[in-house]
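Please keep the structure open while you read.

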Amino acid sequence: MNLGSADGGEPTEGSNLLSSSEKRPQETPTESSHLQRLRQTFARRACRLLVGIVEDVIRDFLPWAVVWSVTIGTVLPGVNSFGIIILMFFAYLGYGLFWLIKLPTLPPLPGFLGAMLAGFLIRNIPVISDNVQIEHEWSSSVRSIYLSITLFYVGLRLDSEALKKLKGVCGRLAMGPCLVEASASALLAHFLMGLPWQWGFILGFVLGAASPAVVAPSMHLLKKEGYDVKGVPTLLLEAENFSDILAITGFNTCLGIASSTGSTIFNVLRGILEVVTGVATGSLLGAFIHYFPSSDQRVLDWKRIVLVLGFSVLAVFSSVYFDFPGSRGLCTFVMASLAGIGWTRNKEVIENVIRVAWIVFQPLLFGLLGAEISVASLRPETVGLCVATLGVAVLIRILAAFLMVCFAGFNIKEKIFISIAWLPKATVQAALGSVALDTRSYGDTQLEDYGLVVLTVAFLAVLITAPIGRLLISFLGPRLLQKAKRQNKDEEVQGEPSEQV
């Protein structure tokens with residue numbers, strides 16, 4: 001008998017199989033662990049994405065279901081409320097999807113482009129456009145509410161200390177490029193597209209404003225990274241606020257002149273009266289909010305938020321009701337500026353809440369802008385002339401901005417960056433572009449054609465300049481601006497451009 005093999009002297013076939021099976025998992029532990037990690041990571045991301053989509057669908061479907069259950073038969077395809085809910089759902093979906101698109105070494109695309117394209121597709125897909133109908137009064141009200149929030153947000157974030165230091169160059173940069181671009185656009189629109197002078201300046205002031213939705217986050221990011229040695233991002237932020245107010249006021253004044261009857265001199269004097277009325281009313285409301293509610297009350301911040309939002313919306317809607325459209329922009333802006341100066345301690349809390357409201361309404365606003373554009377009503381020659389007008393006006397603005405900051409202590413690189421930083425257009429164009437088309441309520445087909453041209457230029461301006469401007473700011477900022485000196489020796493010194501923001 002071969003007992004040695006059985007007792008362990010010589011390994012048997014079964015023991016060989018057992019030992020090989022024990023050693024096999026230890027041969028490639030690194031490879032198996034990596035594969036397991038990849039599977040877990042992929043599974044987590046897939047589950048997270050699926051959960052997010054389900055939550056978005058439920059969150060957007062639930063309001064429609066609740067309203068339908070309360071008012072059975074009214075929230076159905078072809079009804080106004082159904083159209084608003086469907087547009088909101090796809091606008092927020094497009095907004096989120098565009099933020100998820102991230103290319104290597106490039107900044108993410110602006111989310112409002114996805115919302116605008118979603119509205120554009122809803123309007124131009126035959127089956128969907130027949131069932132998604134939104135009344136003009138509702139879309140106009142949404143734009144007015146967003147405009148009031150934007151005006152108050154712009155006025156509230158003014159920095160009085162920065163304005164004292166940069167008041168000279170800030171004033172030139174706020175007024176010069178805006179007025180030059182508006183005048184150039186008016187000339188091009190009058191001679192190329194045949195618009196009357198009033199409508200030419202309406203188009204010019206729509207294009208004359210920069211975009212807070214693109215410029216402000218980019219400038220804050222550059223300031224956070226230390227590229228504010230000479231105050232270039234701060235200068236652009238403060239000048240942008242006044243430039244937007246100038247463009248909105250000019251647009252409302254010119255639209256009032258174009259929509260009214262009577263002599264030109266009377267309409268111009270009426271526009272001046274609207275501006276004065278807006279400043280006076282805003283000063284009174286700002287002084288009131290400064291002292292009421294008193295600082296010793298409980299829940300002070302939220303009481304102030306309710307007051308400022310209420311007065312802002314009231315100023316915008318009441319100015320239209322009393323036929324004083326030129327006063328609404330200045331009234332809200334002056335009120336917010338005076339209130340912000342008085343709220344030195346708790347200003348950030350209120351500003352954050354207003355900013356959240358501003359961001360929440362943003363996808364719906366751009367969705368409405370895209371939903372106003374119909375491919376069937378556009379002619380190729382009109383689109384070509386609109387693109388040509390936009391391109392020439394932007395180039396003239398860049399040159400004007402470069403000249404406005406000459407002899408202000410900036411080097412050639414900083415002047416180039418300042419000139420290009422205001423290229424993107426989005427928020428003000430989305431809020432004002434569709435307002436020009438509201439003249440169709442007068443029943444005049446000629447005014448409707450003029451408004452459609454302004455709306456088309458606003459849509460193309462957002463579609464073309466917003467992504468290009470965001471890309472240029474992110475790419476040129478670290479290369480043209482000086483970076484603040486850091487304490488560690490291993491880090492970059494002052495004046496050396498960084499490779500990434």
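1. Basis. This is a predicted model, in which local features need pLDDT of at least 70, side-chain atom pairs count only at pLDDT 80 or more, and totals for chains, interfaces and linings use all residues. Residues are numbered from 1 along each chain as its sequence is written, and side-chain values use heavy atoms, with hydrogens and water left out.

2. H13 and H15. Helices are DSSP runs (H or I, at least four residues), numbered from the N terminus. H13 spans residues 264-291 and H15 spans residues 328-342; their axes come within 7 Å and cross at roughly 30°. Axes are lines fitted to C-alpha atoms over the stretch in contact, and angles run from 0 to 180 degrees between N-to-C directions. That makes H13 roughly parallel to H15 (the cut-off is under 35 degrees). The crossing is right-handed (the near helix is turned clockwise from the far one by less than a right angle).

3. Their contact. Contact means heavy atoms within 4.5 Å. On the H13 side it includes Val275, Gly278 and Leu285; on the H15 side, Leu330, Val334 and Leu338 are among the residues met. By class, this contact of H13 with H15 has 10 nonpolar, seven polar and no charged residues. Here Ala, Val, Leu, Ile, Met, Phe, Trp, Tyr, Cys and Pro count as nonpolar, Asp, Glu, Lys and Arg as charged, and the others, Gly among them, as polar.

4. H7 and H15. H15 also packs with H7, at about 40° and with the axes 7 Å apart. That makes H7 oblique to H15. Oblique covers what is left after under 35 (roughly parallel), over 145 (roughly antiparallel) and 65 to 115 degrees (roughly perpendicular). This crossing is right-handed. Leu147, Leu151 and Phe152 are among the H7 residues in contact, and Arg328 and Phe333 among those of H15. By class, the contact of H7 with H15 has eight nonpolar, seven polar and one charged residues.

5. H5 and H20. H5 packs with H20 (residues 445-480) at about 145°, with axes 11 Å apart. Phe112, Met116 and Phe120 of H5 take part, among others, as do Phe459 and Pro467 of H20. This contact has 10 nonpolar, no polar and no charged residues.

6. The largest pocket. Which residues lie nearest its centre? They are Tyr153, Arg157, His220, Leu237 and Glu351, out of 38 lining residues. H16 gives the most to the lining, with eight residues. The lining divides into 17 nonpolar, 11 polar and 10 charged. A pocket is an open set of points on a 1 Å grid over the protein atoms alone, where a 1.4 Å probe fits, with protein on both sides within 12 Å along at least five of seven lines; lining residues have an atom within 4 Å of a point.

Key: Helix = DSSP H or I, 4+ residues; strand = E, 2+ residues; numbered from the N terminus.
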